[in-house]
Amino acid sequence: FNGVTSDLFPGVDVPHLDYSIMRTAIEKELKTANLQLIEITYTKIIQLYETKNSRHSVMIVGHSGSGKTVTWQMLRNTLSRLKKENAGPQYQVVKDFPINPKALSLGELYGEFNLSTSEWTDGVLSAVMRQACADDKPDEK
């Protein structure tokens, strides 16, 4: 990535952000979860944090055992820990709504319109979105 950036924008220095406070909190969370402290884990968690801050939504995909669950759960725990420790205003408690789309039909997942009764039935996603949008707390959802 850095090579591509320097090729596209020669002479431009990309600022290096200091994540030392976050790295310390990540280390504490990994130790609490009895996980190994591996550099790629730190990198994945910080990359997810940066992506989350620059996008409206994020989808994590990858092979089994590649660290998807550990990455998002450790980021959630780290941000919540930093909020509780008053590490800065950029950190908030994170509330998650895990959903397994494979366990639901399309109607159960998204909602569906019944043609015979002309009624809409919310699916799990629309119900969760209503709940999250109605919550006025500054917590991240």
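Predicted model: local features only at pLDDT ≥ 70, side-chain atom pairs only at ≥ 80, totals over all residues.
Apart from residues up to four places away in sequence, serine 126 touches Leu109 and Tyr110. The side chain of serine 126 also makes a polar contact of 3.3 Å with the side chain of aspartate 122.

Aspartate 122 is partly exposed at 33% relative accessible area, whereas arginine 130 is exposed at 52%. The value for arginine 130 lies over 50%, and arginine 130 is therefore placed in the exposed class.

## Salt bridges between separate parts of the chain

The count of salt bridges in the model comes to 8. One of them joins the side chains of glutamate 39 and arginine 23, with a distance of 3.1 Å from N to O. This pair links distant parts of the chain: arginine 23 is in helix 2 (residues 20-32) and glutamate 39 is in helix 3, 16 residues apart. Glutamate 39 is partly exposed, at 45% relative accessible area. Arginine 23 is likewise classed as partly exposed, at 30%.

Another salt bridge forms between lysine 28 and glutamate 85, whose closest N and O atoms are 3.9 Å apart. Lysine 28 lies in helix 2 and glutamate 85 in the loop between helix 4 and helix 5 (106-110), so this pair ties together parts of the chain that are 57 residues apart in sequence. Lysine 28 is partly exposed, with 36% relative accessibility, and glutamate 85 is partly exposed, with 41%. Both residues also belong to a network of salt bridges that links Lys28, Glu29, Arg81 and Glu85.

## Residues in the loops

Asparagine 34 is exposed, at 72% relative accessibility.

Proline 101 is partly exposed, at 45% relative accessible area. Along the chain, proline 101 and leucine 125 are 24 residues apart, while their C-alpha atoms are separated by 9.5 Å.

## The largest pocket

The largest pocket holds about 1,400 Å³ of space. It is lined by 28 residues, of which Ser57, Val58, Met59, Phe97 and Lys141 are the closest to its centre. The lining divides into 17 nonpolar, 3 polar and 8 charged residues.

Helix 4 gives the most, with 6 residues.

## Lysine 141 at the pocket

Lysine 141, one of the residues closest to the centre of the largest pocket, is found in the segment after helix 6. Lysine 141 is partly exposed, with 40% relative accessibility. Valine 58 is also among the residues closest to the pocket centre. Lysine 141 and valine 58 are 83 residues apart in sequence, and their C-alpha atoms are 12 Å apart in space.

Leaving aside neighbours within four places in sequence, lysine 141 is in contact with Lys95, Phe97, Ala132 and Asp135. One of these, Phe97, is listed with lysine 141 among the residues closest to the pocket centre. The side chain of lysine 141 also reaches two backbone oxygens. The backbone oxygen of lysine 137 is reached at 3.1 Å, and the backbone oxygen of aspartate 139 lies 2.8 Å from a polar atom of the lysine 141 side chain.

Conventions
Residues numbered from 1 in each chain as written. Heavy atoms only, no water. 1 Å grid on protein atoms, 1.4 Å probe; cavity = no way out; pocket = protein on both sides within 12 Å on 5 of 7 lines; lining within 4 Å. Points joined across faces, edges and corners; volume = space filled by probe spheres on them. Helix = DSSP H or I, 4+ residues; strand = E, 2+ residues; numbered from the N terminus. Nonpolar A, V, L, I, M, F, W, Y, C, P; charged D, E, K, R; others polar. Salt bridge = Lys/Arg side-chain N within 4 Å of Asp/Glu carboxyl O. Buried < 20%, exposed > 50% of the residue type's maximum accessible area, 1.4 Å probe, protein only. Polar contact = N/O pair within 3.5 Å; in protein donor to acceptor, adjacent residues only side chain to side chain. Contact = heavy atoms within 4.5 Å.
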